[in-house]
Amino acid sequence: MRKLQTVAIAAASCVCVLAVAPRPAHALISEAAVVAAIKALQSFTGNALNTMTKNLTDSIDSNLTSLTNPNSVASLLTKGFTQTANYAKAQVGAQSQLIDAQDAAMAGFLRRQQETEIRDEHMMSPEFCAGLDAQQSTIAASKASRSAVIAITKITDPRGEAKKGTPSYYGKSQGSDALTSLHLRRYCSSDDVDAGLCTAVSQNPDADQHAASFFASDTLSADGGVDAANDYATTLIQPIAPAALRGEQMTSIRGREVATRRRSYNSRMSLARWVAAYVTSLGVPSVTLTSDQKAEMTAQGQQPLEKASWLQVMALEVGRRVSSVAWNASLQKMPPASLLREIATEMAQSNYLTLQNYRLGLYQATMSATRIAQEEEAAFRDGLTPMPSPTINP
């Protein structure tokens, strides 16, 4: 640029010299000489201007477009564009790395989330474990209650049939005395004390005639509760058994008819006592409660027991799903699989209770059929006209 300025100043000086201080023309110089001088001046001026223009153009080209000139505009622009392109490529690479890292992080997050869901789907909740323990207790108690039914009926059936060694074997008077003695020994009341039949009121006075002995508690106490329930069933169904048939009472023609009726009576009493024994067996303490079951008893306002009955275990399991705060709170946080397992458990428990109701329905249907048979037998017997006995000549 400085060189361009120097050339321009020199050219201007020449033009000024030529224009301002021409040599004075001689009067004797001819016109042709003047024209030639003018032409020479024009030629010189034109050449100088051409040279100056070329130098200006070369200088401008060198400073604007020459790529060999490191200070030219083109070189500077090229460097700038190159740097911008490098920045763009670097930005694209950085963005690619960021996107790759983001994709990798998201993939890891989704994988951990999936693993967590799989873990939650396959992990049993504490409530499910508590329910499984309760179901095991239910099955164990059910087996124990069935054994209790059989044990009770092995005592009540011979008593009702007045077998040898039972209170009514020798007659109703003996059976009545035995029942009275049992009442005074276990269930002496204040009236009995006042009558002089016993000396002190028992812990459970008159429990052999109170329905509370049967239904007041889901678990009958082992220190008298089971006996009170059995004694109440005896007072309710068959307080005194008829005396057993023996000797000619069984071998005569009339005796064989009476024996047939006695067997029918025994079978009906056995059915009634079986149902009563079944109800009693459901309250017999048979299984040890878990800590969760004891806590549920406490939450329901009951005194925790070491051993409970089938009915108690079932009542705790049903009550836990109705009023337990812990169970309802866990239900709100359960994943879908745990919730489905809980529903399946509920359905299994419902099916189990339906089976128990079906079994009890069989007992009730049998008793209804027996009652109908008795009524029809009485109606048939009462509707017959007595027929005279035929006389047979020897």
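**Figure 1. How helix 4 and helix 10 cross in this predicted model.** The crossing here is right-handed. Helix 4 spans residues 126-160 and helix 10 covers residues 253-281. Their axes sit 9 Å apart, at an angle of about 145°.

**Figure 2. A look at the residues where helix 4 meets helix 10.** On the helix 4 side you'll find Ser-145, Ala-148, Val-149, Ile-150, Ile-152, Thr-153, Thr-156, Asp-157 and Gly-160. Helix 10 answers with a set of its own, including Arg-262, Tyr-265, Asn-266, Arg-273, Trp-274 and Tyr-278. Sorted by class, this contact brings together eight nonpolar, eight polar and three charged residues.

**Figure 3. The largest pocket, with about 510 Å³ of space.** In all, 25 residues line this pocket. The lining residues of the largest pocket split into 11 nonpolar, eight polar and six charged.

**Figure 4. The largest cavity, holding about 70 Å³ of space.** The structure has three cavities of 30 Å³ or more. Around the largest cavity are Ala-130, Ala-134, Thr-290, Asp-292, Gln-293, Glu-296, Leu-316, Glu-317 and Arg-320. Two or more of the lining residues come from each of helix 4, helix 11 (291-299) and helix 12 (310-323). By class, the lining of the largest cavity has four charged residues, three nonpolar and two polar.

Figure 5. Across the protein chain, pLDDT averages 81, and 79% of the residues score at least 70.

Terms used:
Residues numbered from 1 in each chain as written. Predicted model: local features only at pLDDT ≥ 70, side-chain atom pairs only at ≥ 80, totals over all residues. Heavy atoms only, no water. Axes fitted to C-alpha atoms, helices over the stretch in contact; angles between N-to-C directions. Helix = DSSP H or I, 4+ residues; strand = E, 2+ residues; numbered from the N terminus. Left-handed = near helix turned anticlockwise from the far one by under 90°. Contact = heavy atoms within 4.5 Å. Nonpolar A, V, L, I, M, F, W, Y, C, P; charged D, E, K, R; others polar. 1 Å grid on protein atoms, 1.4 Å probe; cavity = no way out; pocket = protein on both sides within 12 Å on 5 of 7 lines; lining within 4 Å. Points joined across faces, edges and corners; volume = space filled by probe spheres on them. pLDDT = per-residue confidence, 0-100.
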